[in-house]
Amino acid sequence: MTSSKLRRRNILFAGAAASLATGLPGWAATSPYPSNVIRLISPYPPGGTSSAILNRLAERLQSTSPLRVIVDYKTGAGGNIGVDAVLKAPPDGYTIGFTAMNSFAINPHLTKNLPYNAEHDVQFITLLGAVPNVIAVNPSVNARDLRELIALSKTTDLSFASPGIGTSVHLAGEMLMNDAGLKMSHIPYRGESPALQDVLGGRVQVMFANLTGVIEYLRSGRLRGIAVTSSKRSSIVPDLPTVSESGVPGFDVKGYFVLFTSKGVPEPVLDILQREINKVLSGAEFRTAMSQIGLEVIGGARQDVTALVNTESARWAKVVKRTGVTWD
């Protein structure tokens with residue numbers, strides 16, 4: 001065979017192979033994952049604690065893994081808009097989400113009108129971490145511990161602020177009032193920032209909040225910590241007692257943050273996401289940075305997140321039923 005005929009045969013073979021690959025989606029025409037930038041959607045406004053967490057996570061993934069991640073904010077409707085955007089995206093692994101676990105463990109009990117089905121539409125990647133909630137008061141409030149706050153609530157009209165109806169911190173407040181005999185009126189806000197500003201200004205006396213969002217105000221004395229809601233003290237405010245230590249045995253509430261995507265993302269892609277993200281979560285640099293803002297980094301397997309969501313869902317369902325809290 002002459003060299004010109006050989007070249008012509010090779011060209012024809014290459015063209016046929018390319019046509020075959022193009023006609024078989026998911027085969028040779030598919031680029032290896034990851035070949036595109038990954039959108040990490042947050043349902044919370046930029047500038048807060050979630051931004052600090054996600055920007056550091058994206059930065060570490062960029063420098064230590066093949067994943068290229070940009071943080072995208074889609075806010076509103078109690079986080080439902082951002083969560084729904086992740087679940088409606090193509091199931092190719094290039095859109096993942098970050099949210100508090102209440103999106104899946106609490107919100108389905110608050111309304112029949114969620115734009116997504118938490119049980120059937122969600123594929124978890126890993127449990128990013130947990131943070132204790134904290135009870136904090138304006139320094140003008142004449143109470144320095146939980147027992148004094150309970151006593152004060154029986155002689156003085158007190159109100160507590162939360163980032164919104166049905167959030168885990170709101171329901172933690174409802175639980176404590178039920179378990180401890182604490183008497184307060186709930187004032188919901190559209191987010192943590194406006195609630196915080198009213199407590200700092202003395203317009204509302206008490207606040208239930210994630211520790212990460214108020215730690216600097218506790219350190220500066222602009223807020224006074226009363227107790228943390230977790231079963232153990234926090235390493236960044238070790239002098240602040242737990243609710244359980246303060247006379248309400250067994251009280252244990254944390255805020256959990258999860259990373260997730262939509263059902264239908266291929267298992268090999270999920271494996272890559274889980275592996276690379278968990279490498280960052282287990283790194284000393286990331287853990288140290290997160291501990292400084294009060295986040296306990298966890299990580300782990302997908303099935304572990306599913307099991308925890310189911311446990312938390314059963315727990316919060318009882319609180320929602322007892323209090324009658326609803327979005328409808």
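Predicted model: local features only at pLDDT ≥ 70, side-chain atom pairs only at ≥ 80, totals over all residues.
**Helix packing and aromatic pairs, term by term**

Trainee: What makes α2 roughly antiparallel to α11?

Mentor: Set the angle of about 170° against the cut-off: over 145 degrees counts as roughly antiparallel. So α2 is roughly antiparallel to α11.

Trainee: Which residues in α2 and α11 meet?

Mentor: From α2 you've got A52, I53, R56, L57 and R60, and they meet E285, F286, A289 and M290 in α11. That contact divides into six nonpolar residues, three charged and no polar.

Trainee: OK, on to the rings. How many aromatic pairs does a search of the whole structure find?

Mentor: Seven aromatic pairs turn up. One of them is Y33 with Y94, at 5.0 Å centre to centre and 50° between the planes.

Trainee: Why is the pair of Y33 and Y94 called tilted?

Mentor: Stacked needs planes under 30 degrees apart and edge-to-face needs over 60, with the rest counted as tilted. The Y33 and Y94 planes are at 50°, hence tilted.

Trainee: Where do Y33 and Y94 sit in the chain?

Mentor: In distant parts, 61 residues apart: Y33 is in the loop between α1 (3–22) and β1 (38–42), while Y94 is in the loop between α3 (80–88) and β3 (95–100). Both Y33 and Y94 are buried.

Trainee: What makes the pair of F104 and Y116 edge-to-face?

Mentor: The ring centres of F104 and Y116 are 6.2 Å apart, and a pair needs centres within 6.5 Å. Their planes are at 70°, against a cut-off of over 60 degrees, so the pair is edge-to-face.

Trainee: And where are F104 and Y116?

Mentor: F104 is in helix α4 (residues 102–105), and Y116 is in the loop between α5 (107–110) and β4 (122–137), 12 residues apart. F104 and Y116 are buried as well. Together with F124 and F260, they form one aromatic cluster.

Trainee: Last one: what makes the charged end of R315 sit over the ring of W316?

Mentor: The distance is 5.5 Å from the ring centre. The cut-off is within 6 Å, plus a position within 35 degrees of the ring normal. The charged end of R315 is listed as sitting over the W316 ring.

Key
Residues numbered from 1 in each chain as written. Heavy atoms only, no water. Axes fitted to C-alpha atoms, helices over the stretch in contact; angles between N-to-C directions. Helix = DSSP H or I, 4+ residues; strand = E, 2+ residues; numbered from the N terminus. Parallel < 35°, antiparallel > 145°, perpendicular 65-115°, else oblique. Contact = heavy atoms within 4.5 Å. Nonpolar A, V, L, I, M, F, W, Y, C, P; charged D, E, K, R; others polar. Phe/Tyr/Trp six-rings, centres within 6.5 Å; stacked < 30°, edge-to-face > 60°. Buried < 20%, exposed > 50% of the residue type's maximum accessible area, 1.4 Å probe, protein only.
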